[in-house]
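Ready for some practice with pockets, cavities and rings? Grab a pencil, open the viewer and work through the exercises below.

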Amino acid sequence: MDTKTVIVTGASSGLGYAIAEAYLARGHNVVGNARTAERLQAAAAKLGNPRNFVGVPGDIGLPATAKALFAQAIEHFGKADILVNNAGIFIAKRIGDYTDEDLDAIIATNLKGFFYPAREAARHMTANGGGHIVTITASLGTAPTAKVPALLPVLIKGGLNQATRALALELAGANVKVNAVAPGIIDTPLHADDAATHDFLKGLAPTGTLGTAQDVAEAVLYLTGTRFTTGTVLAVDGGATAGNW
Ligand SMILES: NC(=O)c1ccc[n+]([C@@H]2O[C@H](COP(=O)([O-])OP(=O)(O)OC[C@H]3O[C@@H](n4cnc5c(N)ncnc54)[C@H](OP(=O)(O)O)[C@@H]3O)[C@@H](O)[C@H]2O)c1
């Protein structure tokens with residue numbers, strides 16, 4: 001088997017944890033990041049794969065964290081083949097209620113947290129003859145909904161969808177595939193875990209269901225196994241962005 005080394009940001013919880021788990025289950029190496037060292041340690045213990053998993057705690061909104069992720073991947077496993085830009089926060093409010101701190105936080109984690117690792121990946125993978133970058137965006141970035149006012153996530157995730165296409169074009173000649181997965185509502189700790197919230201969230205997809213973190217992990221696995229797919233934004237959203245319903 002061709003063992004890959006995969007960098008996953010936000011690997012301590014939700015989608016990032018499931019993505020790390022999916023790669024480890026297939027025998028690959030994972031370098032996982034999260035902001036809170038204790039949560040990352042707990043996730044590493046739960047993943048239970050100490051020879052194939054290296055945790056790198058740090059704020060993904062800082063360039064040093066991206067550099068550390070690639071340095072650790074090279075030190076432990078020789079290279080990095082795949083970057084999954086997953087770490088993100090979600091702040092949904094009406095525009096008048098957003099604070100300056102909300103704006104700074106979203107830009108730091110969701111925008112800089114994409115740019116710094118993507119820049120490292122482009123440098124490293126171009127020199128190495130290729131690789132894959134997958135970014136976890138959001139269905140709101142494709143199709144905003146009046147049911148969930150969330151201008152800042154829409155702004156950044158929509159921009160990341162477009163950046164995915166632009167970077168795919170830029171890196172196509174370097175054999176670096178660049179894609180995104182745009183999840184709808186997925187059952188993770190990002191959402192409050194009460195029945196009323198879940199009922200409301202289920203109503204945001206025509207299927208009337210929530211997705212699972214494994215649904216998203218499968219989409220990421222598919223994209224990083226492709227040879228000819230680049231510049232695509234793959235919806236995993238129960239039809240939420242398929243059209244009006
Ligand atoms: N769940 C959904 O319905 C849904 C829908 C669409 C898109 N998404 C996207 O999917 C991604 C993952 O969401 P999730 O539902 O898995 O969320 P989650 O369960 O809250 O997990 C978020 C992960 O990101 C890490 N993180 C947050 N800020 C960070 C920072 N500044 N630096 C490093 N790590 C940071 C967290 O670590 P700490 O706890 O240590 O901060 C945690 O590991 C996000 O980009 C989100 O926008 C989720």
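**Exercise 1. Find out what kinds of residue line the second largest pocket, and where they come from.**

Step 1. Before counting, know your model: it is predicted, so local features need pLDDT of at least 70 and side-chain atom pairs count only at pLDDT 80 or more, while totals for chains, interfaces and linings use all residues. Residues are numbered from 1 along each chain as its sequence is written, and side-chain values use heavy atoms, with hydrogens and water left out.

Step 2. Sort by class: three nonpolar, 10 polar and six charged residues line the second largest pocket. (Ala, Val, Leu, Ile, Met, Phe, Trp, Tyr, Cys and Pro count as nonpolar, Asp, Glu, Lys and Arg as charged, and the others, Gly among them, as polar.)

Step 3. Look for the elements: β5 and α8 (213-224) each give two or more residues to this lining. (Helices are DSSP runs of H or I with at least four residues, strands are runs of E with at least two, and both are numbered from the N terminus.)

Step 4. Zoom in on the middle: of the 19 lining residues, Lys4, Asp81, Gly131, His132 and Thr224 lie nearest the centre. The space inside is about 270 Å³.

**Exercise 2. Describe the largest cavity.**

Step 1. Points are joined across faces, edges and corners, and the volume is the space filled by probe spheres set on them.

Step 2. Search the whole structure, and you get one cavity of 30 Å³ or more. The largest cavity holds about 60 Å³.

Step 3. Check its lining, which includes Thr9, Asn110, Ile136 and Lys157. Helix α4 supplies the largest share, four residues. By class, you'll count four nonpolar, seven polar and one charged.

**Exercise 3. Is Lys157 buried or exposed, and what does Lys157 touch?**

Step 1. Read its accessibility: Lys157 counts as buried because its relative accessible area is 11%. (Buried means under 20%, exposed over 50% and partly exposed in between, with a 1.4 Å probe and protein chains only.)

Step 2. List the contacts (heavy atoms within 4.5 Å). Skipping neighbours within four places in sequence, Lys157 contacts Asn110, Ile136, Thr137, Ala138 and Gly141.

**Exercise 4. Which residues form the aromatic pair, and how are their rings arranged?**

Step 1. Use the rule: rings of Phe, Tyr and Trp (its six-membered ring) pair if their centres lie within 6.5 Å; planes under 30 degrees apart are stacked, over 60 edge-to-face, and the rest tilted.

Step 2. The whole structure gives one pair. Phe115 and Tyr116 make it, with centres 5.8 Å apart and planes at 70 degrees, an edge-to-face arrangement.

Step 3. Compare accessibility: Phe115 is partly exposed at 40%, whereas Tyr116 is buried at 15%.

How values were computed:
On a 1 Å grid over the protein atoms alone, a cavity is a set of points where a 1.4 Å probe fits but cannot get out, and a pocket is an open set with protein on both sides within 12 Å along at least five of seven lines; lining residues have an atom within 4 Å of a point.
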